[in-house]
Amino acid sequence: MQTESIGQILLRDTELTAEQLDSALRLQQTRRPRPELGRILIEKGFITSNQLSKALARQWDLPFMDTISPGRLKVDLIRDLPLEFLKKQCVLPVLDQQGRVHIALADPLNVEAYDAVLNRLGRYCPRLVCPASEIEQAVSRCYYQNFNRKNTDN
């Protein structure tokens, strides 16, 4: 099974033009270290991070979560995970609508971050794709909730 390229998906599902994609691909070839195509497309304003996340989810046949509501957060899931790690890797354990734990990733191919979270949780949890900005905000909200809870318990 051949996976459709991210460029093809974005051309089909967004307002991205072939000229914009070609421009970004040329720019990608000139930069060292070679940046991800999606980052360039976002930097140039050709697509949004939400559009990229949706395309990545489609490319890898994974669920997509555009927002992480407070009800999807559980402080117990991140208690043993460093804040800096979660924000830098854009990864976060979240609950789905049925209350099952999933691992939200901005980059579904960030296997190292995914494995690290699984090891800390001690169980298998499926991946889902979520925009990096949403994961960062949810991490902050979750740590803030935990901080407030600790302060009110004292």
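From the N terminus on, the elements of this protein run α-α-α-α-α-α-β-β-α-β-α, which comes to eight helices and three strands. Helices here are DSSP runs of H or I with at least four residues, strands are runs of E with at least two, and both are numbered from the N terminus. You are looking at a predicted model, in which local features need pLDDT of at least 70, side-chain atom pairs count only at pLDDT 80 or more, and totals for chains, interfaces and linings use all residues. Residues are numbered from 1 along each chain as its sequence is written, and side-chain values use heavy atoms, with hydrogens and water left out.

**Overall build**

Taken along the principal axes, the C-alpha atoms fill a box of roughly 60 × 30 × 25 Å. The protein has 154 residues, and 40% of them count as buried. Buried means under 20% relative accessible area, exposed means over 50%, and partly exposed lies in between (1.4 Å probe, protein chains only). Of the contacts between residues at least 6 apart in sequence, 58% join residues at least 24 apart; a contact means heavy atoms within 4.5 Å.

**The sheet**

Let's turn to the strands. The three of them form an open sheet in the order β1-β2-β3, with mixed pairing. The edge strands are β1 and β3 (127-129), each of which pairs on one side only. From one strand to the next, the twist averages 40°. Strands of a sheet pair through backbone hydrogen bonds, either parallel or antiparallel. Two strands are said to pair here if DSSP finds at least two bridges between them.

Strand β1 (residues 91-95) and strand β2 (residues 101-105) pair in the antiparallel sense over five bridges, and Pro93 has Ile103 in β2 as its bridge partner. On the other hand, β2 and β3 pair in the parallel sense over three bridges, with Leu128 in β3 as the bridge partner of Ala104. The hairpin of β1 and β2 has five residues between the strands, and there Gly99 takes a positive phi near 85°.

Strand β1 is mostly covered, as five of its five residues are buried. Val91, Pro93 and Leu95 are buried on one side, and Leu92 and Val94 are buried on the other. Helix α7 (residues 111-121) lies across β1, β2 and β3 and runs at about 150° to β2. Such axes are lines fitted to C-alpha atoms, for helices over the stretch in contact, and angles run from 0 to 180 degrees between N-to-C directions.

**The largest pocket**

The largest pocket holds about 610 Å³ of space. Among its 22 lining residues, the closest to the centre are Glu36, Arg39, Leu52, Ala106 and Asp107. The elements that give two or more residues to the lining are α3 (37-43), α4 (49-59), α6 (83-89) and α8 (132-153). With five residues, α4 gives the most. By type, the lining divides into eleven nonpolar, seven polar and four charged residues. Here Ala, Val, Leu, Ile, Met, Phe, Trp, Tyr, Cys and Pro count as nonpolar, Asp, Glu, Lys and Arg as charged, and the others, Gly among them, as polar.

A pocket is an open set of points on a 1 Å grid over the protein atoms alone, where a 1.4 Å probe fits, with protein on both sides within 12 Å along at least five of seven lines; lining residues have an atom within 4 Å of a point. Grid points are joined across faces, edges and corners, and the volume is the space filled by probe spheres set on the points.

| Residue | Relative accessibility | State |
|---|---|---|
| Ser53 | 5% | buried |
| Glu134 | 11% | buried |
| Asp76 | 48% | partly exposed |
| Pro70 | 52% | exposed |

Ser53 lies in helix α4. Leaving aside neighbours within four places in sequence, Ser53 is in contact with Phe64, Val129, Cys130 and Pro131. Glu134 is found in helix α8 and, not counting residues up to four places away in sequence, touches Asp66, Thr67, Ile68 and Arg141.

Pro70 sits in the loop between α4 and α5. Asp76 belongs to helix α5 (residues 75-78). For Asp76 and Leu128, 52 residues apart along the chain, the C-alpha separation is 19 Å.
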